[in-house]
Each structure stands twice: as C-alpha cells, then as structure tokens.
Amino acid sequence: ADIMNWQKGDKSIRALQTAALAVWTSSDIIKPTKAEFIYAGEVVAITQAYFNEQNDCQATLAQLLNIKTNKQPHVVNAVEDASSCSIIAFGLRNPQRAAEIITSNIEKFQDPECRALLFEVRSMLFSNTNQKDRARDSLLAATNELAKIKELKQWTIPHSIFVRLEEFQLRQEAVDLYHKLKFKQPLEYCGGGEAEIIQVVIQALVELGKFQEAEQYLKRLDSNQDCKNLPPFFPSYPVAKISLAVGLNDKDAALRRLREYILGWSQDIPFLYLLNQAETVVWNKFPDSHLKTIEWLEQNKKIPPLHIAEVYAALGHTLRTEQRYTESVKAYESSHQYFNKEKDQYRPGRLNVYIGQSESLCQLGKLDEAESAINQGLKSADKQPANAELFALKLCYSRLLRRRGHLDEAITSDRQIEKSMSPDLRKENPDVYASLVEQLVDDYLQAGKLEEARDTAKRLLPMIDSQNERCRQAKENIAKMLKTKS
C-alpha cells in the first residue's frame, strides 16, 4: 500500500480502501491477527486522506491509538507511520496545504526516522510548489534527523533522502551524512540498500574531486560479490566511475569502463546524453583514446549502428569544442552514415548532430553547407513533437541569418521560436530558453534597437529559471550587453 507508487488511479485506490475496511471493521467471520488489523487501519487512514476524507481519517487514527496497551508500544510507531503517510496522501491532492500540516504537526512526532520521513516529504511538497530554498532547508532537516538514529533497520528513508541530496547537488552533505549513519546490515542489496547509497557517495566524491576516497568506496563495493555486478541505481553512476578513472589518470581503466558502459547500452535519451558526457571526459583527458574507441566499436559486431552513430556524434562535439572544425565535420558525416542504416532514421539525439555540423561549417565559412545541414535536420523532425533539440536547431538558423547580415530576419526567427515555446517547454528546457532570450536581446542590439532589447529583457528575463547555471550566465551576459550599449 505504498502511496507514492499508486499509479492506477482513484478506482484502484478505492478498491484497496474497501478491502482494508473489510479487515478493519471485521466481525468474527474474519479473524485477522493483531498485526494485520493494525496494518489495515493504516491503509484505511491513508486512503481516507487521499480522498480528502479528513474527519474519517482522524477517527481511524484515533481508533489506532485506542488499541495501544503497555505491552504494545509498537502501535505508537504504527500510528506515526499512518499519520505521516496520510499527510503524504493528502499532499498528492493539495501539496501546499499538506506542507502546512506537516509544519504545524511535526513536533508531535518523536521518532527520528518518522520525522526524517516527514521533513523529506515536506521537501518534495515545497519542490512541487516551486519553493526551492524551503525544499532544500527541509531536506537538510531530514538529514539531521537521520543522523540521530543509533542503528538503521531499514533502507527506504535514507535511500530516498540520498536521492534527493543528489538532485539538489548537495554532495558534501551526502558524504557527511553517510559517515554518520550506522546500518544494521551493511552492503545488503534489497532495492534500496546501502550499496546503492554508496553509489551516490562515489558520485558525490568524484564531483568534489576527492578521487582517492571515491576509489576506496569503489573497491569496497567491488570486493563484495553481491554488490560487484549491481546495476547502477542512478544512470549517471557509470559516468562517475569513468570520471573517477580519468581523475586518477588511469587511462586503461577509463577506456575499459567506457567499453563496459557501451556494451550495456540503452536507446533512451538520458543514456545517450550521459554516454556523450562520459566519452567527452575520457577523450578530453586522453586525446588519442577516441581513435581506439571507434576502432573497437567498428570491429565489435555486437554494437548496433545507432550506437556507433552516437559515438561519432560525441567525437564531433569534442572536436568542435577543441576548435578542430574540419575534423569535427568529418565525424558528424560518419555519424550520419551510421544513423542512415537505422530503419527509423529520426532520433531526437540526431538533431544535435545537425546542430554541431552546422556550427562547425559556419566556423569554416561554409554557410551554404551549414544551411543545408539545418534544413535536413528540420525536415527529419517535421512530423515530430516539439523538443529542446528542435528549438536549438532553429536557433542555429537564426544565428546563420545573423552571420549573413540579415538581422531583421534573424530577429523575426527568434521571435517565432519564442512564441512557439509553451510554458511547459520553457520550464523543462531552461538552457535552450535562456540561450534564446540572450540571442534575441543581442540581435536587437546588433541591429541598433536598444529600446526593443531593453523591453525584451524586461519581459522575458523573469521567465528564466535563475537556479540554473546556464540561466545565470545568460542573465549576466544580457546585463553586460545592455550596460555596454547604454
């Protein structure tokens, strides 16, 4: 009856409530054990909260408390669990009100594990209502409660809190919390075990540049047979292992882990993004390693063409970053060759190839070829839903118009892109939107339209998510541009 995993809708949850009520209100015909009876009461309370039946929920919780005897102190924990889960259930319908309920009631709960759960839930509720600072503070309060527990008997709460710490990039806090925790069964893998938490800690240490300490944790995992071949809980964990080898200047380990990652490939977009990131990390550190990777790929018949296409794309991006534009264009052309071997030649990731190819061709002064690459990309995505890559490709076209001196056409193109981006797309793709606003303001300034640039900045800057690094950079650049022109 895990409220956070109910995906089948109200009808299914109501059926669950009916079944629980049958036990909770049982007569002599149904003779549940005491534990089953208490569990049924918890489920009833949670489902009543979900359906906003607050009076019934409070009555059920009161009945649970009445069951308590001096010989059954565990019932108090059951009531605390039911109460906290009821708040979660209510939060699915009304997150702001649920956060208020937690704030006003949290001192009633004494058990630190229960308090940690409530603080964590409140953090999620604040995130859902876009109160990021309060969400962060509540998450840190949850970590403080966890640190008070003498011995953890279950993984679920600390595990989910480590997930949230990773999301907020609170890396040092994740490392410090792990050092404070004491687990009853270390390195047990059971869905949310300590092994997965160690994966988070390794990632955090790599990001902090503490490679030696991260290596010690990795050896600890690898020395345990049950943990050695665990699937990564976070998709980015293999990238952290590759980055760790690069940080330790271990070229052989970096290439070996990269190949292992490639062999375990997946077609989903997050994987392809992370793979490109991993390859870039290795190739930037060891410049000749990309040749060995591609040679190995083309000789390995288990690797499908799509994946080789993605590797060539990553190589093109790396070479373009190094301003080796002629070589990057060749890499992008090789990427297209392998993409063309796929039945479904449209892939969201492929639009990034057209973007990189057009940018490199522009740098080489081959504007007609750059426009051709952009048009091919737009044609391939003609019947596809809007996404970040498509808008980024359209921005390339605006920049191409500007390079040709067609500033008014570039501004028109920018404004069309801005109008076509829905609020949800802006929120989901803050980097692309920030780049669009920066480009539009700059195009107005280059065209000598200072007032239009100011008005655009005033209108669109508030829509940029200032928590994002790229967004902050765009805001700073726009402020500098306007100041310089003024």
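Mentor: Contact here means heavy atoms within 4.5 Å. Keep in mind that the model is predicted.

Trainee: Among contacts between residues at least 6 apart in sequence, what percentage join residues at least 24 apart?
Mentor: Take the contacts between residues at least 6 apart. Then keep those that join residues at least 24 apart. The share is 63%.

Trainee: What average pLDDT does the protein have, and where is the pLDDT below 50?
Mentor: The average is 80, and 80% of the residues score at least 70. Where pLDDT is low, the predicted coordinates should not be read in detail.

Trainee: How many helices and how many strands does the protein have?
Mentor: Strands number 0. The helix count is 26.

Trainee: Which element gives the largest share of the largest nonpolar core?
Mentor: This core has 44 residues; Ile-161, Phe-162, Leu-165 and Ile-202 touch the most other members. Elements giving two or more residues include α5 (95–105), α8 (156–167) and α10 (194–207). The largest share is 9 residues, and it comes from α10.

Trainee: How many residues are in the other core, apart from this one?
Mentor: Its members include Ala-309, Ala-331, Tyr-338 and Val-353. The core holds 32 residues.

Definitions and conventions: Residues numbered from 1 in each chain as written. Predicted model: local features only at pLDDT ≥ 70, side-chain atom pairs only at ≥ 80, totals over all residues. Heavy atoms only, no water. pLDDT = per-residue confidence, 0-100. Helix = DSSP H or I, 4+ residues; strand = E, 2+ residues; numbered from the N terminus. Core = buried A, V, L, I, M, F, W, Y, C linked by side-chain atoms within 4.5 Å. Buried < 20%, exposed > 50% of the residue type's maximum accessible area, 1.4 Å probe, protein only.
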